[in-house]
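The sequence and the structure come first.

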Amino acid sequence: MTETPDDAGLAGRLAGLLPGALGGWLPAPVLADWSALATLNRTLAGLEDSEARAEAIAALPPALARLTAADWWRPLPCGPVEDVATLLAEAQRAWRPYALAALAASGLDADERLRGQAVALGGGFFLLAQLGELAADCRRGTPWLALDELAKYRSSVAALAGGLTNPGFVAANLDRCRRLLRAGSPLARRLRGRRGLLLRVALLAADQRIAALRSAAPLPLADARQTLTLLALAVWHGIRPERKASS
């Protein structure tokens with residue numbers, strides 16, 4: 001869970017944010033761009049020469065080449081990072097190109113505000129995916145955590161691996177995911193058609209996942225009733241009037 005996903009793993013992890021068969025509704029152009037970026041990531045990680053990396057990026061279609069950050073190819077940390085600031089930066093770096101590729105497929109990547117929302121969503125979904133595998137990652141010694149936060153809540157990787165969770169620590173991490181997802185959520189209303197619908201479903205499913213992790217309850221099963229409920233709510237969120245800011 002600490003390496004940038006490969007072609008199949010990336011699509012599977014992102015599709016896993018959607019309940020049931022909805023993962024198969026992801027638009028083919030978006031999946032194709034994600035696959036190209038994942039392939040490039042593996043290529044860049046295997047190159048030691050910066051000039052060779054630049055040539056590999058230049059060989060991409062221009063729409064994808066401009067999405068890659070200078071250090072995007074750099075492997076993710078293989079264990080806890082030093083502080084929360086690094087945790088956030090690495091999380092957003094990990095899925096930034098994929099979030100922007102999905103935005104570019106909708107023709108909205110020229111809007112800087114929407115780009116910021118897409119990156120926030122990518123970071124929030126990435127962290128939430130890691131938290132869903134926290135105990136297993138702790139047992140492997142590769143959890144996606146910040147050491148300063150572990151110390152603040154007097155917890156440890158060994159304790160988390162053994163199932164000894166600290167409510168304050170769990171709440172802090174889930175609140176971080178929620179803040180990132182909330183910051184990016186306006187994008188779900190801006191996107192039209194299937195992309196906007198699926199993003200709204202993913203955000204609603206994320207709310208359910210956060211609630212389950214907060215209460216240490218089993219994650220909700222993606223049955224047909226839940227899928228239909230989330231779809232109905234996603235449609236409503238897409239057509240309801242926006243709330244006016246209180247004066």
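Eight salt bridges are found in the structure, which is a predicted model.

| Pair | Closest N and O atoms |
|---|---|
| Arg140 and Asp137 | 2.4 Å |
| Arg176 and Glu149 | 2.5 Å |
| Asp175 and Arg214 | 3.1 Å |

The pair of Arg140 and Asp137 is contained in helix 7 (residues 134–140), where the two residues are three apart, about one turn of the helix. With a relative accessibility of 51%, Arg140 counts as exposed, because the cut-off for that class is over 50%. Asp137, in contrast, is buried, its relative accessible area being 0%.

The salt bridge between Arg176 and Glu149, with closest N and O atoms 2.5 Å apart, links distant parts of the chain, since Arg176 belongs to helix 10 and Glu149 to helix 8 (residues 147–152), 27 residues apart. Both Arg176 and Glu149 are buried.

Asp175 and Arg214 form a salt bridge as well, at 3.1 Å between the closest N and O atoms. Because Asp175 lies in helix 10 and Arg214 in helix 12, this pair ties together parts that are 39 residues apart in sequence. Asp175 is partly exposed, with a relative accessible area of 30%, and Arg214 is likewise partly exposed, with a relative accessible area of 39%.

On the side of helix 10 the contact is made by Val170, Ala171, Leu174, Asp175, Cys177, Arg178, Leu181 and Arg182, and on the side of helix 12 by Leu203, Ala206, Asp207, Ile210, Leu213 and Arg214. Sorted by class, this contact of helix 10 with helix 12 has nine nonpolar and five charged residues, and no polar ones.

The crossing in which helix 6 passes helix 12 is left-handed. From helix 6, Leu121, Phe125, Leu128 and Leu131 meet Leu199, Ala202, Leu203, Ala206, Arg209, Ile210 and Leu213 of helix 12. The residues of this contact divide into 10 nonpolar and one charged, with no polar residue.

Which residues does Arg190 touch, not counting residues up to four places away in sequence? They are Leu108, Asp111 and Leu114. Arg190 itself is placed in helix 11 (residues 186–190) and, at 35% relative accessibility, counts as partly exposed. Between Arg190 and Leu114 there are 8.8 Å in space, C-alpha to C-alpha, although they are 76 residues apart in sequence.

Terms used: Residues are numbered from 1 along each chain as its sequence is written. This is a predicted model: local features need pLDDT of at least 70, side-chain atom pairs count only at pLDDT 80 or more; totals for chains, interfaces and linings use all residues. Side-chain values use heavy atoms; hydrogens and water are left out. Contact means heavy atoms within 4.5 Å. Helices (H or I, at least four residues) and strands (E, at least two) are DSSP runs, numbered from the N terminus. Ala, Val, Leu, Ile, Met, Phe, Trp, Tyr, Cys and Pro count as nonpolar, Asp, Glu, Lys and Arg as charged, and the others, Gly among them, as polar. A crossing is left-handed if the near helix is turned anticlockwise from the far one by less than a right angle, and right-handed if clockwise. A salt bridge is a side-chain nitrogen of Lys or Arg within 4 Å of a carboxyl oxygen of Asp or Glu. Buried means under 20% relative accessible area, exposed over 50%, partly exposed in between (1.4 Å probe, protein chains only).
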